[in-house]
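Let us walk through this structure together, with the sequence and the coordinates side by side. Keep your viewer open and follow along.

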Amino acid sequence: MGLSKQPVAVFPGSFDPFHLGHADIISRATQIFPRLIVGILENPSKQPVFTPNERLEMVRSLYAGDPAVEVRLFSGLLVNFLQQMQATVIIRGMRAVSDFEYEFQMALMNRRLSPSAETVFLTPKEEYSYLSSRMVREVAALGGDVTGLVPEPIRSLLEERMRS
Ligand code: PNS
């Protein structure tokens, strides 16, 4: 297969904040797909800890030295973003059985909207299997230590944000 035929994958999410479970999924996905686009959802209806642009900058700076990883914002339907990026694969992390129902529904809805969209589930390292952005936000908001749960530059930004 020529390089131009290799599928482009999108790893979509809210990433508020990006944590080490996300980083683990990215490193696994880039072992399989030569080009991975991290798609950060701009969702104006939520009250995020970090603005979409802050999240974009944070994740971009983490992967600045990695040519396989591109980071972009998207809004609207994920399948439209895939089409814009000429991507056919959606990467999602599957942590536990509790993720299954929502992920399964989302995969089938995306396939219905775009039959060429294929969802690939990757499982993170066990030590990150309980990790979620919601938990990280809650622990940080209540003054708990999130060292080892998020990349260091994000930890300091998160602690700073929670203090303000
Ligand atoms: O990190 P999250 O919040 O679990 O990510 C959810 C995300 C962004 C992948 C999902 O909400 C999404 O794709 N939203 C875009 C809107 C869309 O396409 N909805 C139809 C498919 S369910």
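The paragraphs below go from the ligand site to the backbone and then to some single residues.

A few ground rules come first. This is a predicted model, in which local features need pLDDT of at least 70 and side-chain atom pairs count only at pLDDT 80 or more, while totals for chains, interfaces and linings use all residues. Residues are numbered from 1 along each chain as its sequence is written, and side-chain values use heavy atoms, with hydrogens and water left out.

The space it takes is the largest pocket. Here a pocket is, on a 1 Å grid over the protein atoms alone, an open set of points with protein on both sides within 12 Å along at least five of seven lines, and a molecule sits in one if more than half of its atoms lie within 2 Å of its grid points. Helices and strands here are DSSP runs, numbered from the N terminus (helices H or I, at least four residues; strands E, at least two).

Which atoms lie 2.6 Å, 2.8 Å and 2.9 Å from an oxygen atom of the ligand? At 2.6 Å there is a polar side-chain atom of Ser14, at 2.8 Å a polar backbone atom of Leu78, and at 2.9 Å an N or O atom in the side chain of Arg92. Taken alone the ligand exposes 550 Å², and the protein buries 73% of that; the areas come from the Shrake-Rupley method with a 1.4 Å probe.

Now turn to the backbone. Most residues other than glycine have a negative phi, and most peptide bonds are trans. Against that background, look at the loop between β1 (9-13) and α1 (20-32), where Pro17 is placed. A cis peptide bond joins Asp16 and Pro17, with omega about 0°. In the loop between β1 and α1 you will also find Phe15, which has a positive phi of about 50° although it is not a glycine. Gln86, in the loop between α3 (78-85) and β4 (89-93), has a positive phi too, of about 55°.

Are these two residues buried or exposed? Phe15 is buried, with a relative accessible area of 3%, whereas Gln86 counts as exposed at 69%. Buried means under 20% relative accessible area, exposed over 50%, and partly exposed in between (1.4 Å probe, protein chains only).

Next comes His22, in helix α1, which is buried at 13%. Leaving aside neighbours within four places in sequence, His22 is in contact (heavy atoms within 4.5 Å) with Phe11, Phe15, Pro17 and Ser133. A polar atom of the His22 side chain also lies 3.0 Å from the backbone nitrogen of His19.

Our last stop is Thr147, in the loop between α5 (133-141) and α6 (152-163). At 44% relative accessibility, Thr147 counts as partly exposed. The side chain of Thr147 makes a polar contact with the side chain of Asp145 (2.5 Å). Such a contact is a pair of N or O atoms within 3.5 Å; within protein, one must be able to donate a hydrogen and the other to accept it, and residues adjacent in sequence count only if both atoms are side-chain atoms.

Methods. On a 1 Å grid over the protein atoms alone, a cavity is a set of points where a 1.4 Å probe fits but cannot get out, and a pocket is an open set with protein on both sides within 12 Å along at least five of seven lines; lining residues have an atom within 4 Å of a point.
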